[in-house]
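Have a look first, then we'll go question by question.

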Amino acid sequence: MTDRRIGVYVCSCGGNISDYVDVARVRDVVEHEPGVAAARTHMFTCSDASQQEIIEDIRNESLDGLVVASCSPKLHLFTFRAMADRAGLNRYQYVQVNLREQCSWAHRDDTALATEKAIRLVRAGIAKARLTEPLATMRIETTPKVLVIGAGVAGLRAALALSELGLSVFIVERSSDVGGWTRRWGKMFPHQQQGSDIVAALSARVRHRENITLFTNAEVVEKSGSVGKFTLQIRVDGFHTIPLVVGAIIVATGFDVYRPSPGEFGYGQDGVMTLAEFKELVDRSPEDLSRGGRGIKDIVYIYCVGSRQSGGGDDAHSYCSRYCCATAVHTAICAREVSCGLGPAKDCIGFHQFHLFRDMRTYGKHEIPYEDACRKGCVFMKYGDDDPPKVDRVDGRLRVRVNDQYLGGEEVEIDADLVVLVTGMVPRENAALVDVLKLPVGVDGFFNEIHPKLRPVETVVDGELIAGTAQGPKTLPESVASGLSAAAKAAALLKKGYVDLEPFIAEVDTSRCVWCGECLDACPYGAVEKTSVQGKEVARILPSLCKGAGACIPVCPENAIEIAGYTDAQVEVMIDALVREVVVEEVAVPVT
Amino acid sequence: MSASADAGGGGDPKILVFSTNNISDPGVDLAGGSHMHYSASVVVLPVPCSSGIKPSWILHALEAGFDGVFIAADGSDCAYLADCTTRTGQVVQKAQALLKRHQQDPRRLRMAAICSVCAESFVSHMEGFREALTEIGSG
């Protein structure tokens, strides 16, 4: 038996659930579960009226547990937590049951089976609620200062946004100047601004802001503390060290360009260069494209070099870099302008550009320069994934052979003055920084976000955000958007003055722990340390560093660690409730 | 009358899925949101990360009456650990050894990475596992 008083609220979701699940029957069955003191159905549990009714139940019935069976927790978890707060119930004694996405919508063909499953799901929620205990968030006061690592465009734009919001910003840049790759580039799509001008304008704005401090030739060498108050050591000019205290960190360390191996598509031969090298050549050519005193008239672009590789082992770059198709097309237009001016194709006789691609990914606005390139005489040829072009040197001249799928796979030979390898982005070498920040890196080598769509600039390390191409390949506008997004997240965190950390973290049962060190090795966040309790060496969890992933749990040979909210007892009673028989007469759907 | 309907999905094997809050549970949600169908005998229990699943939970599920346990792992999308797949694989290895020691068929445990948009993959895995468990039978 239990002395718990739990309220259970089953939502119809305006028919999204009740069209396929007999919600009244679910309520009628589960209201007899041990500990249930109130059970109701609502048309929309999330409505203000329903929430008010639940709040009154919590107060009038002295409820000490709450189960809301409605939609996915991704939608209304925080809604109902806030409701629990308003009612005076500990927010972690509320359990959400997913009756919509994981029941009614998936089992629309059989109301009886969907209803039976709903009963089992709600029973599991009740079983978990019976074992909930009031948990407390850890409130940490925040320092209204932000460290931005990397002074590329994403970092500079994030710093300016934070500064305008009244937060002090420190920018740490590893090189001697700001602007990253953009500083080196000329004309850029869509506004045809020079990259160097974009950086100069941003840099001027940064230098005029009194609450931004910029360190160049600097790097972060030490970090301690956690969200709200990180203490850092910045090494400047290789020798002197400056201490900083900030509330949040934005990592905007940018990317590197893929460097082909010697011989890869002829790389290393005279006349074979990467897209980045070619762009610099075009940018510094005021008129007539030439190299070594010789005019360049025939250019072959080979796309997807170092991108979308498969079966190449650990070093393979299986992802698409997104920006390379668009940049190659735009650079081709710029190259034509240098050689022939802005006139129509007939004014550009003798200048040829051949684009050998796998899939043309000039998405969004980048379709405009692609169509422009087509009109201006660029020739596009499609090669197969397993049939890349071959680059040779014949009679002193570069020759590219490609089987063009547009011509039914027929081989085409092109003699070229220049072969441009359209290379993608690769993660920047940041091993020391990764070690200092304890930030997770994905299998692609870029910093890992919590979720690419739902939480794209947040990491599992509270207070550490990622922006721009440090997170993955992006175009310049996308990098700016990412930088602003990270700035908004940091500001939301710090402007409130405090941050509440979730209490779902690891706990050590010191009576079982024998300090074998397995948990220490399993934790990548430095959240485990050795301590002594009554003369016995045991593990201790540092709450502000623990992320609650639970990687330390299965490796513990003494079963001495649990995650709050996912204890053995809670998981096992949920399993028991999920498998428990449902009597047929309980779920029988009445004939109407 | 008090006949039991414990099979849940109209006689289908009972499958417990361990999903993960950030990655595979949204994938399972998407399957429902896309109105894809899978057996009602499949129930989902979300945890923070698949590397934190205890082998003892898996044994408990099978001994309690589930016919199979499926770990919808974070895979390479894991926000916590770059080597999550390896670690979850080690959990599976330990669990299968535990199942053998308790005379449970290790084929009743499966793992696959399910990303946050892997709705079709999830449904396909559920169908494949349902068929495999039906073949294994209740023994």
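**Domains, interface and a helix pair**

Q: What distance separates the centres of domain 3 of chain A and domain 4 of chain A?
A: This is a predicted model, where local features need pLDDT of at least 70, side-chain atom pairs count only at pLDDT 80 or more, and totals for chains, interfaces and linings use all residues. Residues are numbered from 1 along each chain as its sequence is written, with chains lettered from A and ligands numbered from 1 in the order in which they are written. Domain 3 covers 258-424 and domain 4 covers 506-563 in chain A, with bounds from an automatic or database domain assignment. Taken over C-alpha atoms, their centres are separated by 55 Å.

Q: Which element gives the most to the side of chain B that touches chain A?
A: Here 49 residues of chain B contact 49 residues of chain A (C-beta atoms, placed from the backbone, within 7 Å). Elements giving two or more residues on the chain B side are α1 (24-33), β2 (42-47), α2 (55-64) and α3 (84-101); helices (H or I, at least four residues) and strands (E, at least two) are DSSP runs numbered from the N terminus. With six residues, the top contributor is α1(B).

Q: How are α1(B) and α4(B) oriented to each other?
A: The axes of α1(B) and α4 (119-136) of chain B come within 8 Å and cross at roughly 90°; axes are lines fitted to C-alpha atoms over the stretch in contact, with angles from 0 to 180 degrees between N-to-C directions. Angles of 65 to 115 degrees count as roughly perpendicular. So α1(B) and α4(B) are roughly perpendicular.

Q: Which residues in α4(B) meet α1(B)?
A: From α1(B) come Gly27(B), Val28(B), Leu30(B) and Ala31(B). Their partners in α4(B) are Ala119(B), Phe122(B) and Val123(B).

Conventions:
Two residues are in contact if their C-beta atoms, placed from the backbone, lie within 7 Å. Angles under 35 degrees count as roughly parallel, over 145 as roughly antiparallel, 65 to 115 as roughly perpendicular and the rest as oblique.
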